[in-house]
Amino acid sequence: MSLYLAAFGFGLVSTSVLAIAAVGFTMQFGISNMINLAYGEVMIAAAYASYGLNNAGINIWVSLLGGAVFGSVFSYLINRVLYAPFQKKGTALIGMVIISLAASLMIANVLLPIVGYYSVSYRQNVGPTFHAGSIALTGVQLAIMGLAIVLMLVIHSLLKLTRLGKAMRATSANPTLARNCGIPTRRVIDTAWLITGALCGVAGTVAGMNSDTFAVASGAGFLISIIAAAVLGGAGNPYGAMIGALLIGEVTEISAAAFSPEYKEVAAFAILVLVMVLRPQGLLAKRGTLAAAG
Amino acid sequence: MTYYLTTLGVYAGVDIIACLALNLQFGVSGIVNFSFIVFQAAGAYTAAVLALPPDSQNGGFQHYVFGAQLPFPIPWIAAAVVGGVLSVPVGLVVLRHLRVDYQAIAMLVLSVIANLVITNARPFLNGAAGLSLVPQPLSDRFNAYSPTYLWAYVAVTFVCCALVFFVSQRIVKSPYGRTLRAMREHELAVTALGKNPVVLKMTIFVVGGVIAGLSGAILVGFITIWAPSTWLYPETLILFAAVIVGGRGNNWGALFGAALVPVGFEEATRYLPQFGPPGLVPALQWVAIGLLIIGFLWFRPKGVLPEKPGRFAAATPVVGARLTKEPGVS
């Protein structure tokens with residue numbers, strides 16, 4: 001039993017990392033209506049950007065900020081240079097998903113010769129270990145959880161309390177109508193990519209901080225959990241992504257404790273299959289948003 | 001030299017078969033099968049374990065199921081069957097309710113997970129190390145290393161190519177193929193005409209799976225090894241690049257693309273001098289594949305040999321004639 005309680009504790013940390021990542025991913029889907037398969041690789045690239053700063057002797061939390069800026073600018077550029085032009089040209093969804101997978105592969109393989117094949121880890125002081133029953137978490141892990149909660153609150157206030165958030169929701173719901181109402185959708189989309197890119201960068205770095213090591217090859221594993229969380233919650237819905245992250249984060253950690261850590265992502269996959277069979281629109285989405293359109 | 005040429009020939013044949021199958025699914029029907037390589041792998045594993053002796057032999061250094069040691073045509077046929085049978089559950093989950101990009105990510109995830117499971121579950125198919133010493137077809141009767149055998153294998157591969165090409169052409173030109181293309185262009189319209197898109201997609205998905213399984217069997221019979229590292233998900237993207245470059249929906253295009261991208265590309269870069277740190281050239285190869293896909297989708301989305309637009313003999317002249325007869329129209 002104590003094993004499962006400990007796993008539950010780790011699950012909360014995984015949830016935190018996953019929530020930051022999945023909210024960014026699902027917002028990109030919502031606002032640009034495309035699945036950005038390069039998301040996992042941008043996370044890794046940002047994690048390495050933070051690693052570069054951290055390795056130069058800068059504190060990990062300051063490096064995290066650098067990673068966020070890197071992820072932000074990188075995501076913005078990918079959208080501006082690659083995705084947006086193709087969408088403007090009228091490329092179908094089928095083409096967009098292939099383009100984003102190609103982009104993901106290119107990022108990974110540009111990164112590989114630069115950073116190498118080996119796993120790296122941050123120079124960080126994990127702080128004292130806190131105990132609550134059989135849950136044992138380090139200071140850094142608690143800090144990551146705090147950061148995730150703060151970021152979720154920031155995203156919530158952004159979407160619900162600001163004009164920009166309102167414009168984002170309008171653009172996400174119906175871009176043409178939003179444009180006709182005088183919302184500068186292009187600028188809103190650009191801003192959304194900057195914000196989600198920052199989330200992506202933070203997620204990549206905290207994922208690296210939480211696990212002992214990371215490498216370029218970790219990107220695909222990240223992406224699977226993120227896709228599972230986003231689809232489970234209802235793609236395009238940030239609150240759905242938060243709930244999805246909680247479920248996926250806990251299930252992967254507890255199944256890792258019950259079976260074997262090698263099959264962590266298989267649990268996420270099993271949930272994904274169940275969702276796709278039983279409720280493809282996700283937990284929080286309105287019915288019909290995912291129907292196979294003509 | 002013989003070995004090099006025959007290997008090249010078999011790889012070319014297998015890539016052509018795979019590209020034809022992917023063209024049926026992706027080019028003709030618009031199914032983004034990002035897990036294509038899984039079906040090829042399933043065929044290869046099936047053919048391998050059915051041809052291999054029980055795993056206690058060879059000193060028991062590798063673990064796998066079956067080990068049936070069946071004679072030649074059975075493993076290949078079984079591989080094709082398994083490729084098709086595996087397509088059924090995957091298709092039923094993925095192809096029914098989901099939007100096209102959801103289908104794509106579902107299959108991408110499947111591809112990653114299948115590889116992960118096979119890599120870690122060692123007793124099933126020998127895990128990350130993979131299967132080796134797979135007996136070549138009919139190797140009990142012929143010397144599998146003689147040049148005659150190698151060239152005969154290439155010939156058989158190309159006979160299979162021709163067969164698959166013939167079948168693909170028949171499918172594309174049949175009324176069924178026309179319906180598939182119509183579904184790709186406008187699914188709702190086809191549904192309104194009384195066609196069931198799920199049945200249409202499932203059928204072509206299973207056909208593609210059968211061909212993919214066969215291609216895996218042909219490959220593993222020649223190279224005699226098969227491991228998870230040979231079917232990672234990016235491999236599927238090479239086939240996509242081939243179909244996109246060649247021309248989506250056109251079987252000749254798939255043929256051309258297969259000869260150009262997987263075969264030409266790998267071979268051309270083999271002769272490049274190795275420069276930079278180890279691993280730089282393969283990494284750049286992947287970058288180039290990505291650029292090739294993005295470049296073609298931007299500049300020439302129809303590919304080198306575009307799909308021929310359908311011509312309907314009766315319709316055009318009638319409309320034209322009516323327009324010229326009525327003076328008020330212009």
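1. The crossing between helix 11 of chain A and helix 4 of chain B is left-handed, a term used when the near helix is turned anticlockwise from the far one by less than a right angle, with right-handed for clockwise. The contact involves Glu265(A), Val266(A), Phe269(A), Leu272(A) and Met276(A) from helix 11 of chain A, and Ala106(B), Val109(B), Ile113(B), Leu116(B) and Val117(B) from helix 4 of chain B. Contact here requires C-beta atoms, placed from the backbone, within 7 Å. These residues divide into nine nonpolar, no polar and one charged; Ala, Val, Leu, Ile, Met, Phe, Trp, Tyr, Cys and Pro count as nonpolar, Asp, Glu, Lys and Arg as charged, and the others, Gly among them, as polar.

2. The structure is a predicted model, in which local features need pLDDT of at least 70 and side-chain atom pairs count only at pLDDT 80 or more, while totals for chains, interfaces and linings use all residues. Residues are numbered from 1 along each chain as its sequence is written, and chains are lettered from A and ligands numbered from 1 in the order in which they are written.

3. The mean pLDDT of chain A (the predictor's confidence in each residue, from 0 to 100) is 88, and 96% of the residues score at least 70.

4. Strand 1 of chain A runs antiparallel to strand 2 (residues 135–138) of chain A, with four bridges joining them; pairing requires at least two DSSP bridges. Ala132(A) has Ile135(A) as its bridge partner in strand 2 of chain A. The hairpin has two residues between the strands, and Gly133(A) takes a positive phi near 65°.

5. Met145(A) lies in helix 5 (residues 139–161) of chain A. Met145(A) counts as buried because it has 20 C-beta neighbours inside 10 Å; the cut-offs are 20 or more other C-beta atoms within 10 Å for buried, 12 or fewer for exposed, and partly exposed in between. Beyond residues up to four places away in sequence, Met145(A) touches Leu12(A), Val13(A) and Ser16(A).

6. Chain B contains 13 helices and zero strands, where helices are DSSP runs of H or I with at least four residues and strands are runs of E with at least two, numbered from the N terminus. Of its 330 residues, 47% are buried.

Key:
Contact = placed C-beta atoms within 7 Å.
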